[in-house]
Amino acid sequence: STAGRSTAPAGVDTAETGDVEDAADAPSRFVAAIETDLGSSDGAAVMRAAAAEVPWLAYTSPELLAVLNDFGTAVYNFFTDAVQFLAGPARAPFGSRVRVESSTLTLGDGVVVPVDWYFPTSRKAPTGLIYLQHGFLATAAFYSATAAYLAEKTNSIVVAPTLTWNTFDIEHYPLVLPRTHRAIADLLTGNRAELLASARTAGFRGTLPTRLVLAGHSMGGGLVTGVAARLVELGEADDLAGVLMLDGASYLDLMSTDLAKIPRSIPVYNLAGEPYYWNTFGDANIRLAQARPGMFTGVVIEGGLHSDSMQSSSPAVQFAAYLATGFSSPWNVITTKVLAAGWVKDMLAGTHTARLYGSVGSAMTFLSGWWPTSAQVLPAHSAELSLTDRLYACLLNPTTVSCTSLLLPSEAAASREVSPAKTMVAVA
């Protein structure tokens with residue numbers, strides 16, 4: 001094992017890392033598993049680099065992390081195998097004019113992940129490419145109906161990979177870590193050769209569209225804001241049309257840092273449900289209000305749930321999702337789908353369909369067929385939290401300056417009170 005070497009790697013200050021020779025006497029499986037990914041052959045340096053990605057790693061022993069990783073991997077594998085068994089092959093809903101294929105995608109240092117592709121069957125060339133990321137405790141199978149709808153209504157190709165959500169499995173690019181955001185961003189830069197190769201394996205013979213929308217549900221929303229920030233840093237954001245969070249959630253305060261890096265000329269919206277524990281009590285809404293004051297950043301649907309945008313073609317998977325997050329109103333599901341598709345179409349075309357937006361803090365009523373659905377344009381009021389809920393929120397975002405500051409800034413709250421006007425919009 002390279003963990004036994006006594007020399008520090010190039011560029012590592014031994015005064016800061018300490019005596020690495022002593023640490024090498026007891027190599028850990030965790031270090032052996034991640035040293036290649038983090039570019040270090042020394043146990044102490046590896047843990048230092050890992051702590052830079054995930055602050056709490058600095059306070060956790062390598063042996064404990066190895067145990068947590070083994071346990072988390074076992075749970076993840078059991079869960080995903082069960083979901084795939086229930087879902088069966090990826091497919092679009094009955095009547096959808098979308099072809100669905102499955103393939104694989106290679107990330108970073110050769111990690112292969114499953115991916116579903118949704119190709120519109122229109123004779124027109126695809127308008128854009130939508131990268132759709134699932135959330136925590138989910139897989140791409142939870143979003144097959146959502147992906148098919150977006151592909152058909154926006155005439156776009158949708159690519160939906162399944163990533164591990166075992167945070168301790170650093171080697172395999174877990175959903176919430178910055179190194180995963182960088183690996184996804186790398187797929188979307190240059191000639192996108194790896195992405196095209198995956199599409200070819202799925203039977204695609206054309207050219208992938210250059211215009212890109214990043215969409216993600218729950219923690220997947222946090223991922224796509226991170227990917228957008230990486231694209232900006234790489235100077236590869238010219239083709240980034242926008243970012244759409246579907247009831248997005250943040251982790252370790254990374255979202256605020258990432259939002260600050262994205263130019264305001266690139267739309268970033270959150271299509272949110274009512275604040276509750278599944279969306280970390282509307283935390284993403286607050287971060288958007290702080291990062292983009294006075295701008296349209298999305299809506300909160302009245303009575304909306306985390307599952308509104310998490311729609312699967314598999315009845316068994318959908319029922320399981322509803323059991324966990326609550327049973328969505330069909331009218332809210334319709335409104336969510338139409339708003340998401342409408343915003344994405346505007347992002348790709350560079351247009352602004354006025355009926356799909358509103359002024360900050362205003363109330364809107366959408367007609368889903370004949371049934372009205374109300375929404376509040378962000379920033380929207382956050383829920384008062386119990387002590388238990390605050391502790392839960394702080395576990396997900398422990399580096400928050402003040403874990404109790406889960407209400408909107410005073411100026412955002414004030415803007416909510418100023419604009420009580422309602423707009424009636426027919427969306428379906």
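This is a predicted model: local features need pLDDT of at least 70, side-chain atom pairs count only at pLDDT 80 or more; totals for chains, interfaces and linings use all residues.
Reader: Which side chain is joined to the side chain of Ser307 by a polar contact?

Author: Leaving aside neighbours within four places in sequence, Ser307 is in contact with Tyr322, Thr325, Gly326 and Ser328. One of these residues has its side chain joined to that of Ser307 by a polar contact of 2.7 Å, namely Ser328.

Reader: Is Ser307 buried or exposed?

Author: A residue counts as buried when its relative accessible area is under 20%. The relative accessible area of Ser307 is 0%, so Ser307 is buried.

Reader: Why is helix H7 (residues 178-187) described as largely enclosed by the rest of the structure?

Author: The buried residues of H7 are Pro178, Arg179, Thr180, His181, Ala183, Ile184, Ala185 and Leu187. Helix H7 has ten residues, and it is largely enclosed by the rest of the structure because the number of them that are buried is eight.

Reader: What separates the C-alpha atoms of Pro178 and Val227?

Author: Pro178 has its place in helix H7. With a relative accessible area of 12%, Pro178 is buried. Val227 is 49 residues from Pro178 along the chain, while the separation of their C-alpha atoms is 8.5 Å.

Reader: Is helix H6 (residues 144-154) parallel or oblique to helix H13 (residues 330-349)?

Author: The two helices pack with their axes 10 Å apart, at an angle of about 45°.

Reader: How many charged residues are in the contact of H6 with H13?

Author: The crossing of H6 and H13 is right-handed. On the H6 side the contact is made by Tyr149, Leu150, Lys153 and Thr154, and on the H13 side by Lys337, Val338, Ala340, Ala341, Val344 and Lys345. By class, this contact of H6 with H13 has six nonpolar residues, one polar and, as charged residues, three.

Reader: What is the hand of the crossing where H9 passes H10?

Author: Helix H9 (residues 219-233) packs against helix H10 (residues 254-261) at about 40°, with the axes 8 Å apart. Gly222, Thr225, Gly226, Ala229, Arg230, Val232 and Glu233 in H9 meet Met255, Asp258, Leu259 and Lys261 in H10. These residues divide into four nonpolar, three polar and four charged. The crossing of H9 and H10 is left-handed.

Reader: How many nonpolar residues does the contact of H10 with H11 have?

Author: The axes of H10 and helix H11 (residues 283-291) come within 10 Å and cross at roughly 35°, in a right-handed crossing. Met255, Ser256 and Leu259 of H10 make the contact with Ala284, Arg287, Leu288 and Ala291 of H11. The contact of H10 with H11 has one polar residue, one charged residue and, as nonpolar residues, five.

Reader: Among contacts between residues at least 6 apart in sequence, what percentage joins residues at least 24 apart?

Author: The protein comes to 15 helices and eleven strands. Of its 428 residues, 54% are buried. Among the contacts between residues at least 6 apart in sequence, the part joining residues at least 24 apart is 74%.

Note on methods. Residues are numbered from 1 along each chain as its sequence is written. Side-chain values use heavy atoms; hydrogens and water are left out. Axes are lines fitted to C-alpha atoms, for helices over the stretch in contact, and angles run from 0 to 180 degrees between N-to-C directions. Helices (H or I, at least four residues) and strands (E, at least two) are DSSP runs, numbered from the N terminus. A crossing is left-handed if the near helix is turned anticlockwise from the far one by less than a right angle, and right-handed if clockwise. Contact means heavy atoms within 4.5 Å. Ala, Val, Leu, Ile, Met, Phe, Trp, Tyr, Cys and Pro count as nonpolar, Asp, Glu, Lys and Arg as charged, and the others, Gly among them, as polar. Buried means under 20% relative accessible area, exposed over 50%, partly exposed in between (1.4 Å probe, protein chains only). A polar contact is a pair of N or O atoms within 3.5 Å; within protein, one must be able to donate a hydrogen and the other to accept it, and residues adjacent in sequence count only if both atoms are side-chain atoms.
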